[in-house]
Amino acid sequence: MRKIIIAAVACSIPQAGYAHGSAPQAAAPGWTIDPWIVTPLVLFGLMYGIGRLMLARKGRKDIAQDVICGAGWLALTTALVSPLHWLGERLLSFHMIEHEILMAVAAPLLVISRPVGPLLWSLPRPARLAIGRAMRHPLATRLWSLLSAGGNATLLHGIAIWAWHVPVLFDAAAANVLLHRMQHLSFFLTAILFWWSVFRRSQTGSAAWHVFVTMLHTSILGALMALAPRLLYRQQADVAVAWDLTPLEDQQLAGIIMWVPAGTIYAGAALALIALWIRRAGQGRERTDALHAL
């Protein structure tokens, strides 16, 4: 564990990093300079900044939105570019932290910040209008309505989580760069759908239920990993020994991370939604009682 703490502290060292699966025996934590990851992140940041400047000229400022979007972007960068990714290449426990940041931190922050408007305003007017028309096309709206419905989004996100944690698929993704990118992309996109359905689509009570169901099944998956009597994931097993962990201990720690800290995030969101639901229901009763009093 001492080696793990030293490696985590070394996250401030700005070394050139590698994509998942390459140079697994690098000597010290480094930044992952993968063009397929860095380019979209930089492009997103530039487009959002330009769009916000355009909107500010029209008197439309929203500092809270900018802070939340920046936090979501920073969470993505931390998970995919910072030395946390380097550690995730070697230890299953840090790999799990990386995944949870993608799904339970970055995705909800970006959904709450509603970055689509600023992103569109960064484009030339003809392109902006063309994309706007495409987004309003009946086929696009029906498809989005279908995918972002509460039950469908929850199911798709759950399938992505459980499918990629099947040992053979998880080990394949850990060994293959393309599969690893697909894994992260499916986690992130289905998480966007899920949190969009929670914050933008579903009624408050239904949203709380969907978050609770997600908390329940991810906690079960984490518990299965933490309590498994044998090693489930073998791709990173040999490397774990170099960090004073047995492969089984590394797997158990990864399961606990999914089970407890990630579960706490979902539980907190569910409780907040339930409190909001009760509050709104109470306000509705107050209005009804007032009408009867008249």
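Buried means under 20% relative accessible area, exposed means over 50%, and partly exposed lies in between, computed with a 1.4 Å probe on protein chains only.

## Basis of the description

This is a predicted model, in which local features need pLDDT of at least 70 and side-chain atom pairs count only at pLDDT 80 or more, whereas totals for chains, interfaces and linings use all residues. Residues are numbered from 1 along each chain as its sequence is written, and side-chain values use heavy atoms, with hydrogens and water left out.

## Overall make-up

The protein has 294 residues, of which 43% are buried. It contains 15 helices and 0 strands; helices (H or I, at least four residues) and strands (E, at least two) are DSSP runs, numbered from the N terminus.

Contact means heavy atoms within 4.5 Å. Of the contacts between residues at least 6 apart in sequence, 74% join residues at least 24 apart.

## Nonpolar core

A nonpolar core is a set of buried Ala, Val, Leu, Ile, Met, Phe, Trp, Tyr and Cys residues joined through side-chain atoms within 4.5 Å. The largest one here has 53 residues, and those with the most contacts inside it are L76, L80, W195, V198, V211 and Y266. Helix α5 (residues 92–113) supplies the largest share of this core, 11 residues. In soluble globular proteins, nonpolar side chains tend to be buried together.

Leaving out residues up to four places away in sequence, L76 touches L41, V81, L102, A106, L110 and F188.

## Packing of α3 on α5

Axes are lines fitted to C-alpha atoms, for helices over the stretch in contact, and angles run from 0 to 180 degrees between N-to-C directions. Angles under 35 degrees count as roughly parallel, over 145 as roughly antiparallel, 65 to 115 as roughly perpendicular and the rest as oblique. The axes of helix α3 (residues 63–80) and α5 lie 8 Å apart, at an angle of about 160°, and the two helices are therefore roughly antiparallel.

A crossing is left-handed if the near helix is turned anticlockwise from the far one by less than a right angle, and right-handed if clockwise. The crossing of α3 and α5 is left-handed. On the α3 side the contact includes I68, W73, L76 and L80, and on the α5 side L102, A106, L109 and L110 are among the residues involved. By class, the residues of this contact are 15 nonpolar, 3 polar and 1 charged. Here Ala, Val, Leu, Ile, Met, Phe, Trp, Tyr, Cys and Pro count as nonpolar, Asp, Glu, Lys and Arg as charged, and the others, Gly among them, as polar.

## Partners of α11

Helix α11 (residues 177–201) and α5 have axes that come within 8 Å and cross at roughly 40°. The pair is therefore oblique, and its crossing is right-handed. Residues making the contact include H95, L102, A106 and L110 of α5, together with H180, F188, W195 and R200 of α11. This contact has 16 nonpolar, 5 polar and 2 charged residues.

Helix α10 (residues 167–175) also packs against α11, with axes that come within 5 Å and cross at roughly 115°. In this contact F170, A172, A173 and A175 of α10 meet V177, L179, H180 and Q183 of α11. The residues divide into 6 nonpolar and 2 polar, with no charged residues.

L147 belongs to helix α8 (residues 138–147) and is partly exposed, at 29% relative accessibility. Not counting residues up to four places away in sequence, L147 touches N152, A153, L156 and L193. The C-alpha atoms of L147 and T190 are separated by 9.4 Å, although the two residues are 43 apart along the chain.

T214 is in helix α12 (residues 204–227) and is buried, with a relative accessible area of 1%. Apart from its neighbours within four places in sequence, T214 is in contact with T154, H157, F194 and Y266. Y266 is also one of the residues with the most contacts inside the largest nonpolar core.

## Positive phi in two loops

R114 has a phi near 50°, a positive value in a residue other than glycine. R114 lies in the loop between α5 and α6 (116–121) and is partly exposed, with a relative accessible area of 45%.

D244 has a positive phi near 60° and is likewise a residue other than glycine. Its loop is the one between α13 (237–240) and α14 (247–259). With a relative accessible area of 45%, D244 counts as partly exposed.
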